[in-house]
Amino acid sequence: MKLNNKIGVIVDSFGVGVTEGLKKAKEVGAEGVQIYAVSGEMDPAVLTPAKRKELYSYIDGLGLEISALCGDLAGHGFQDAEANPEKIEKSKRILDLAVELGSNVVTTHIGIVPDDKNGRIYNAMQEACEELGVYAKSMNAYFAIETGPEPAAHLKSFLDTLSTNGVSVNFDPANMVMVTGDDPVEGVKLLKDYLVHTHVKDGRRLRPVDPRDVYGFLGYGAMDHEKIAEMASSGAAFEELPLGEGAVDFPAYFAALQEIGYKGYLTIEREVGTNPAEDIRKAVEFIRSYRG
């Protein structure tokens, strides 16, 4: 197998802010970066046209490009019809920013897709994703839903109800392994028509867990990134591990990506650990070892 995909890194995984994180991404050998663009210095509302130009030229000057922005608004995703108008508006502004910075992907969590296809939560999610998908498609861009909260087959059946592929998939094999116990290789094949970005992460499931305890659900609890990181490091139900040390079968996973003709980024995400920079550097080397 000879992987040709570019290697990306989530800047926020370094925990040192955007500017320093970009430098570190370059140092560890990444070719691209993903950046959270929800709040703080990357919030589209505070990033003036001048700051956007400055950021773009800084990234370009490092010889990097943006693989995607992260537009994950946490909470209940798009399950709450009343909260959705504001979230949809914010998501569109994040996509505008991504396009301006040279990327056409914004990754996000939309909330767990319920089993009841006629219920109000399913309808709220469907309406929100339809609007976002149409908007993204008009810009030749994508909102990419991160895998993990539900099995790949269920996510595909939801995506198939939308009128465009403007809402597609950010494939995270570790989330599937850790939370639903789904098979990432089969998932790649099932979701092949929607796969526009990937996270490269590893982990292990230690006992069955209710996805609602991890990702939240309307009327049950909200999603919280810090809580998820805590769960992944405590090892109560699952643990996130350095690449190659968990249950993701990377040779089979990378082969599946090749088989479906995926040409996008392999973006490293590290949400736990005391030395993320070292873990990320090793992860870059790990992926490179498959380049032949």
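This is a predicted model: local features need pLDDT of at least 70, side-chain atom pairs count only at pLDDT 80 or more; totals for chains, interfaces and linings use all residues.

Residues are numbered from 1 along each chain as its sequence is written, and side-chain values use heavy atoms, without hydrogens and water.

On a 1 Å grid over the protein atoms alone, a cavity is a set of points where a 1.4 Å probe fits but cannot get out, a pocket is an open set with protein on both sides within 12 Å along at least five of seven lines, and lining residues have an atom within 4 Å of a point. A volume is the space filled by probe spheres set on the points, which are joined across faces, edges and corners.

The whole structure holds 2 cavities of 30 Å³ or more. Around the largest cavity there are 22 lining residues, and His-109, Glu-146, Asn-175, Lys-201 and Glu-271 are the closest to its centre. The second largest cavity has Lys-201 in its lining too, along with residues including Asp-202, Glu-240 and Arg-270.

| Space | Volume |
|---|---|
| Largest cavity | About 170 Å³ |
| Second largest cavity | About 60 Å³ |
| Largest pocket | About 280 Å³ |
| Second largest pocket | About 190 Å³ |

Of the 15 residues lining the largest pocket, Asp-12, Ser-13, Tyr-36, Arg-270 and Glu-271 lie nearest its centre. The second largest pocket is lined by residues that include Val-18, Glu-41, Lys-51 and Tyr-58.
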